[in-house]
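Work through the exercises below with the structure open beside you. Try each task before you read its solution.

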Amino acid sequence: MPRILDEGCQMRSLPNTSRQSRRYTPRWLRTLGVLLLVTISMPVVLMLLPGDEPKLPLQKSEPEFRPIRLLKEFPAITDVPILQADEVDDELTDNELVIGVVVNEEARAYPINMLTGPKREIINDTLGGRPIAATW
Amino acid sequence: MVYTTNVDGQILHLAVSGMLWRRSLVMVDKQTGTRWSHLLGKAMKGPLKGTRLQAIPCSMTTWSAWKREHPQTSVINLTKTSKRYTSEFYRRPGSFVFGWVHEGEQAYAAGLDVLLQQPLMNLMTEGAPVLLTFNPASTEANLFSRTIDKQTMTFERISESRMKDEATETVWNSQTGTALEGPLAGRQLKRLVGIMSYTRAWEIFHPENRMITEQVQ
């Protein structure tokens, strides 16, 4: 909100205070009124402008969620066996693709050849002390 | 995509729901039965509807490249369900894109064919300066913010995994976004979330997607 009052603003008494005093509106109140009027009317004016969309922060319309079922629901995969890099044999070849993740300085690879086929697409795991799900 | 799965103090176990939405995986959590969009990371129906999971930046890369960057890494040990996902798989340009969603709103994607031609791109998306790097050997793509200390950095590729910034000539690892030598040594670019996807799947899921074809500078 813009500052409307100056510091040290004081009501100044007007020279003619008798008849006009009943209808007297302090200047600061008038300024406030004008500013409020402007603030409220701006969006209304913008909405009435032809052509353009209103420039208010509107909610982006939600996409409709209509999934189709192909298969029954699978169990969640948890407690996956883990190997250290030096324990891995030649079964995992150098050029095989993995999803690599680092959490809190702990690194782990999820070979994509272990994540394919509907059953394996989500692996629940804990890495760097955080519960995660690696998905394909 | 990799997500953090604790929501309001509860750890969710996500599973394959067997359903598809916009041809994309719908996940279900076993704790509440809520259905989640895999690509959005958002609860679409059920008790947790509207909740967003926090996505963690991850890299799709080769096992050898990952081991090199992270010698202490572990790896999960399940039987293989496929043999085809090697770096060769992505050598068909045009079928794949590296895509991301800027601040949950605007989707962008760069085709693999474009990345092979321009393995480092300084971009400006929705007013945000981002850096897209690609290593053709490992087919690893990464996305970073180009802002450090409120300054926008511009990068230049030196080699497959090295780049330098124009302002200070610091040398950086273009896969990890870590500064290695020079005035900014030790600094880390903020990683952003992006994924490799089939082109068509990405376009179907993100009808408003904008394809990136060249860098801004």
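Predicted model: local features only at pLDDT ≥ 70, side-chain atom pairs only at ≥ 80, totals over all residues.

**Exercise 1. Salt bridges in chain B**

Task: Find the partner of Glu126(B) in a salt bridge, and say where the two residues lie.

Solution: 
- Step 1. Look for a side-chain nitrogen of Lys or Arg within 4 Å of a carboxyl oxygen.
- Step 2. Place the residues. Glu126(B) is in the loop between strand E13 (120–125) and strand E14 (128–135) of chain B, and Arg210(B) is in strand E24. The two are 84 residues apart, so the pair links distant parts of the chain.- Step 3. Glu126(B) has a relative accessible area of 44% and is partly exposed. Arg210(B) is partly exposed too, at 41%.

**Exercise 2. A second bridge**

Task: Which residue forms a salt bridge with Asp149(B)? Is Asp149(B) buried or exposed?

Solution: 
- Step 1. The partner is Arg187(B), with 3.0 Å between the closest N and O atoms.
- Step 2. Asp149(B) lies in the loop between strand E16 (147–148) and strand E17 (151–152) of chain B. Arg187(B) lies in the loop between strand E21 (178–181) and strand E22 (191–192) of chain B. The pair therefore ties together parts that are 38 residues apart in sequence.
- Step 3. The relative accessible area of Asp149(B) is 54%. The cut-off for exposed is over 50%, so Asp149(B) is exposed. Arg187(B), at 31%, is partly exposed.
- Step 4. Chain A contributes a network that links Glu106(A), Arg108(A) and Asp125(A).

**Exercise 3. The surroundings of His38(B)**

Task: Is His38(B) buried or exposed? Which residues is His38(B) in contact with, leaving aside neighbours within four places in sequence?

Solution: 
- Step 1. Locate the residue. His38(B) is in the loop between strand E6 (35–37) and strand E7 (42–45) of chain B.
- Step 2. Apply the cut-off. Buried means under 20% relative accessible area. His38(B) has 8%, so His38(B) counts as buried.
- Step 3. List the contacts. From chain A come Thr135(A) and Trp136(A). From chain B come Met1(B), Tyr3(B), Ser24(B), Leu25(B) and Met27(B).

**Exercise 4. Aromatic rings**

Task: How are the rings of Phe65(A) and Trp21(B) arranged? Why does this pair join two chains?

Solution: 
- Step 1. A pair of aromatic rings is described by the distance of the centres and the angle of the planes.
- Step 2. The search finds 7 aromatic pairs over all chains. In the pair of Phe65(A) and Trp21(B), the centres are 5.3 Å apart and the planes are at 65°. The arrangement is edge-to-face.
- Step 3. Phe65(A) lies in the loop between helix H1 (27–48) and E1 of chain A, and Trp21(B) lies in strand E4 of chain B, so the pair joins two chains. Both Phe65(A) and Trp21(B) are buried.
- Step 4. Widen the view. Ring pairs link Phe65(A), Trp21(B) and Phe205(B) into a cluster. Arg22(B) lies over the face of Phe205(B), 5.6 Å from the ring centre.

How values were computed
Residues numbered from 1 in each chain as written. Chains lettered and ligands numbered in written order. Heavy atoms only, no water. Helix = DSSP H or I, 4+ residues; strand = E, 2+ residues; numbered from the N terminus. Buried < 20%, exposed > 50% of the residue type's maximum accessible area, 1.4 Å probe, protein only. Contact = heavy atoms within 4.5 Å. Phe/Tyr/Trp six-rings, centres within 6.5 Å; stacked < 30°, edge-to-face > 60°. Lys NZ or Arg CZ within 6 Å of the ring centre and 35° of its normal.
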